[in-house]
Amino acid sequence: MWSRVREVLVVVLGVGTLAGCGQAFRNAAGNTPLTISLPAPRQVGPVSVEESLAARRSERYYRQESLALAELAQLLWAAQGITIDWGGRTAPSAGATYPLEVFAVVGAVEGLAAGMYQYLPAEHSLVHRKSGDLRTELSEVALGQPWVREAPFVLVIAAQYERTTQRYGERGIRYVHIEVGHVGQNVYLQAGALGLGTVAVGAFSDDGVKRLLEIEEDPLMLMPIGRPN
């Protein structure tokens, strides 16, 4: 019975459950940007949830070394990865509306050119959105916080509020903010399990981030990630 209900939800709520999973972005020349398939995420690891919770800390200082593409892939999956065939994700979402989009500002990831990428959960892939190392500029619009500049990559979690508010009205704004908290904790715990560190950054210019990354979504949180000193 429940499996049938979920099938109906996917059809009826498709704009929410599938939103952001496979959009066809185009650049100014009208070309579809490069899409990069990511290494499959692991679902069994050597660190328990309890161990990761006990060790969870905010880490702001990172070694100046590149991270692996598999590490970036695992963290993206922890943030918004698909975990079941009807489209459910690693973080809960009010009414399965999934208002959040996750972008990666990459500077030092092995096998991946510096630039800004958007995570596509349905395909577990990245779509290239902007070229060049944007970490210094991102740090500048984040009030000069050096960890944003020095981390190998930064996850930018942003929202399209209307995906949720069109169903729940103004109350949906609260649901979106609850959801970004779930995603942030997932990233913290997954980073710890990988021997990495992160910190939730909320101090930044919203308009500055949007202009720099050329996104329409409203940025809610930055999460620089690296190997702790």
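Modeller: What follows is a short exchange about this chain, its pockets and some of its residues. This is a predicted model, in which local features need pLDDT of at least 70 and side-chain atom pairs count only at pLDDT 80 or more, while totals for chains, interfaces and linings use all residues. Residues are numbered from 1 along each chain as its sequence is written, and side-chain values use heavy atoms, with hydrogens and water left out.

Colleague: How many helices and strands are there in the protein chain?

Modeller: The protein chain has 9 helices and 7 strands. Helices (H or I, at least four residues) and strands (E, at least two) are DSSP runs, numbered from the N terminus.

Colleague: What percentage of the residues is buried?

Modeller: Of the 229 residues in the protein chain, 50% are buried. Buried means under 20% relative accessible area, exposed over 50%, and partly exposed in between (1.4 Å probe, protein chains only).

Colleague: And what is the accessible surface of the protein chain?

Modeller: The accessible surface is about 10,700 Å², and carbon and sulfur atoms hold 52% of it. Accessible areas come from the Shrake-Rupley method with a 1.4 Å probe; for residues, only the protein chains shown count as cover.

Colleague: What share of the contacts joins residues 24 or more positions apart?

Modeller: Among contacts with a separation of 6 or more, 72% are between residues 24 or more positions apart. Contact means heavy atoms within 4.5 Å.

Colleague: Let us turn to pockets. What is the volume of the largest pocket?

Modeller: The largest pocket has a volume of about 410 Å³. On a 1 Å grid over the protein atoms alone, a pocket is an open set of points where a 1.4 Å probe fits, with protein on both sides within 12 Å along at least five of seven lines; lining residues have an atom within 4 Å of a point. Grid points are joined across faces, edges and corners, and a volume is the space filled by probe spheres set on the points.

Colleague: Which residues lie nearest its centre?

Modeller: Val49, Trp77, Leu189, Gln190 and Ala193 do, out of 17 lining residues. Two or more lining residues come from each of α3 (49-55), α4 (69-80) and α8 (171-193). Helix α8 gives the most, with 4 residues. The lining divides into 8 nonpolar, 8 polar and 1 charged. In that count Ala, Val, Leu, Ile, Met, Phe, Trp, Tyr, Cys and Pro are nonpolar, Asp, Glu, Lys and Arg are charged, and the others, Gly among them, are polar.

Colleague: Is Gln190 buried or exposed?

Modeller: Gln190 is buried, with a relative accessible area of 12%. Gln190 belongs to helix α8, and its side chain makes a polar contact with the side chain of Gln74 at 3.2 Å. A polar contact is a pair of N or O atoms within 3.5 Å; within protein, one must be able to donate a hydrogen and the other to accept it, and residues adjacent in sequence count only if both atoms are side-chain atoms. Leaving aside neighbours within four places in sequence, Gln190 is in contact with Gln74, Leu75, Trp77 and Ala78.

Colleague: What of the second largest pocket: which residues lie nearest its centre?

Modeller: Ala55, Arg56, Arg57, Gly192 and Leu196 do, among 16 lining residues. The elements giving two or more residues to this lining are α3, α8 and β6 (197-198). The volume of the second largest pocket is about 170 Å³, and its lining has 7 nonpolar, 5 polar and 4 charged residues.

Colleague: On to Gly226. Where is it?

Modeller: Gly226 is in strand β7 (residues 218-226) and is buried at 0% relative accessible area. Beyond its neighbours within four places in sequence, Gly226 is in contact with Tyr62, Leu67, Pro152, Leu196 and Gly197.

Colleague: Last topic, backbone angles. What is the phi of His124?

Modeller: His124 has a positive phi of about 45° although it is not a glycine. Most residues other than glycine have a negative phi. His124 lies in the loop between β3 (115-120) and β4 (125-131) and is buried, at 12% relative accessible area.

Colleague: And Leu143, is that buried or exposed?

Modeller: Leu143 is exposed, with a relative accessible area of 66%. Its phi is positive, about 60°, and Leu143 lies in the loop between α5 (135-141) and α6 (146-150).
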